[in-house]
Amino acid sequence: MANLLDYLDWRGDLTLEQDPFNEVDNLILAELSFVNFQGIVPGPGEGKGVALSRAAAAFFRRPEHRPGELSMGVLVPDEIPLMLEKMAATPRFRDLALSGYTQHLDEKKGEQFAALTIDTGDGLYLSFRGTDDTLAGWREDFLMACRPEVPAQRRALEYLRTVAAAFPRRKLRPGGHSKGGNLAVYAATFAPAAVQRRIRAVYSNDGPGFFQDIFSLPQYVRLDGRVISIVPKSSVVGMLMEHEEDYTVVDSDQQGLMQHDGFSWQVRGNRFVRLGQVTRQGSVVNAEIRDWLRSIPMEKRENFADGLYQVLSASGAATLTDLKEDSLRAALAMVRAMKELDKETRDGLVRFVGLVFKGNLLMMLEDVQLQGESRRESAEKKKKTRRRSAGKEDRETASEKK
């Protein structure tokens with residue numbers, strides 16, 4: 001099956017005028033904001049945009065960004081630099097103007113935000129970066145389950161307002177992957193009505209839900225079905241907390257939690273391969289995590305989030321890569337940090353980790369089973385096709401002999 005990189009190979013020769021913007025383009029542009037364009041793409045209000053091909057060339061000229069040597073982190077896909085290379089070589093993306101690049105990281109406060117604006121010709125795609133490799137970003141993710149608003153959401157709303165004011169006649173498409181999808185939906189929901197009227201669509205690619213239900217609010221209702229939520233077949237991240245019930249389920253060639261990786265989503269033509277619903281085990285895991293979260297009183301959720309961050313950062317690590325590279329030291333520090341937590345928080349952490357690991361194992365086993373069944377069905381169809389072809393040839397041969 002094909003993925004985003006394959007799509008760039010066999011669809012990249014068609015410009016957006018020849019083949020209009022689609023859901024696969026959306027995910028590609030959502031992933032693009034993970035690229036560090038600091039000093040290459042102008043910030044909001046800092047000047048004209050830069051063609052994507054020029055921005056890519058400047059990015060790869062930096063010694064630390066040489067293709068094949070650049071790691072994006074533990075969970076951010078390493079395919080992103082290759083994606084950028086391919087985009088820069090295709091008529092579909094190479095001339096798109098990039099502007100409004102901004103990034104913010106405050107490790108002490110646990111804040112992480114980045115965004116990028118891409119001119120697609122028929123409008124502007126506002127790409128909000130999802131959670132990156134920083135522990136600060138992960139802490140902010142934890143706090144999403146505790147607070148009605150976190151700093152990244154406020155920044156996303158301000159960014160949308162700023163871009164809308166800078167381009168007063170352009171249509172808008174806010175979007176993002178993971179946390180970036182949450183930021184896109186939040187910004188679009190609480191944007192002024194005049195800005196909302198200019199929004200073509202809002203894309204949440206396996207983005208988590210919200211601390212509280214925002215979907216019945218008048219502000220959200222004004223978006224009138226323009227929110228497009230896409231999740232893989234065993235989605236967990238995209239089902240966390242309160243979320244929109246209307247979503248598209250797509251196929252992935254990964255198992256379990258790794259289906260969160262957008263480069264595993266399967267593409268056919270200019271669309272993702274659709275499925276009817278999330279897998280059975282995916283639904284079970286989502287229900288268990290949601291029930292567990294709801295069982296924690298609101299006033300104690302933040303203690304739990306702080307405890308989780310305290311454990312992860314106990315070794316002095318600032319990123320997931322730091323944890324991976326010095327895993328023994330990090331593990332010892334995390335064990336000590338766990339012992340220092342109060343019993344209630346410690347028990348909650350153990351319960352959460354247990355749910356995630358058990359759920360991931362069950363989802364992986366189910367995915368392997370489903371993939372096996374799919375291969376058997378495909379093989380059986382090929383056999384039937386060969387038998388029909390052979391039967392047709394025999395009949396034609398017999399007819400010729402007569």
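Two rings of Phe, Tyr or Trp count as a pair if their centres lie within 6.5 Å, with the six-membered ring taken for Trp. The model I am showing is a predicted one, and by this rule it has 14 aromatic pairs.

Take one of them. The ring centres of Phe21 and Tyr125 are 6.0 Å apart, and the planes meet at 40 degrees, so this pair is tilted. For that word you need the cut-offs: under 30 degrees is stacked, over 60 is edge-to-face, and the rest is tilted.

Where do the two residues sit? Phe21 is in the loop between α1 (4-11) and α2 (23-32), while Tyr125 belongs to strand β4 (residues 124-128), so the pair ties together parts that are 104 residues apart in sequence. Phe21 and Tyr125 are both buried.

Elsewhere, one aromatic cluster is formed by Phe37, Phe59, Phe60 and Tyr101.

Next, a loop residue. Thr90 is in the loop between α4 (80-88) and β2 (97-106). Is Thr90 buried or exposed? Its relative accessible area is 7%, and buried means under 20%, so Thr90 is buried. Apart from neighbours within four places in sequence, Thr90 is in contact with Leu8 and Gly12.

Last, helix α6 (residues 151-166). With 16 residues at 1.5 Å a residue, α6 should span 22 Å, and its end C-alpha atoms are 22 Å apart, which agrees. Several residues of α6 are buried, among them Pro151, Ala156, Tyr159 and Val163.

Methods
Residues are numbered from 1 along each chain as its sequence is written. This is a predicted model: local features need pLDDT of at least 70, side-chain atom pairs count only at pLDDT 80 or more; totals for chains, interfaces and linings use all residues. Side-chain values use heavy atoms; hydrogens and water are left out. Helices (H or I, at least four residues) and strands (E, at least two) are DSSP runs, numbered from the N terminus. Buried means under 20% relative accessible area, exposed over 50%, partly exposed in between (1.4 Å probe, protein chains only). Contact means heavy atoms within 4.5 Å. The expected span of a helix is 1.5 Å times one less than its number of residues.
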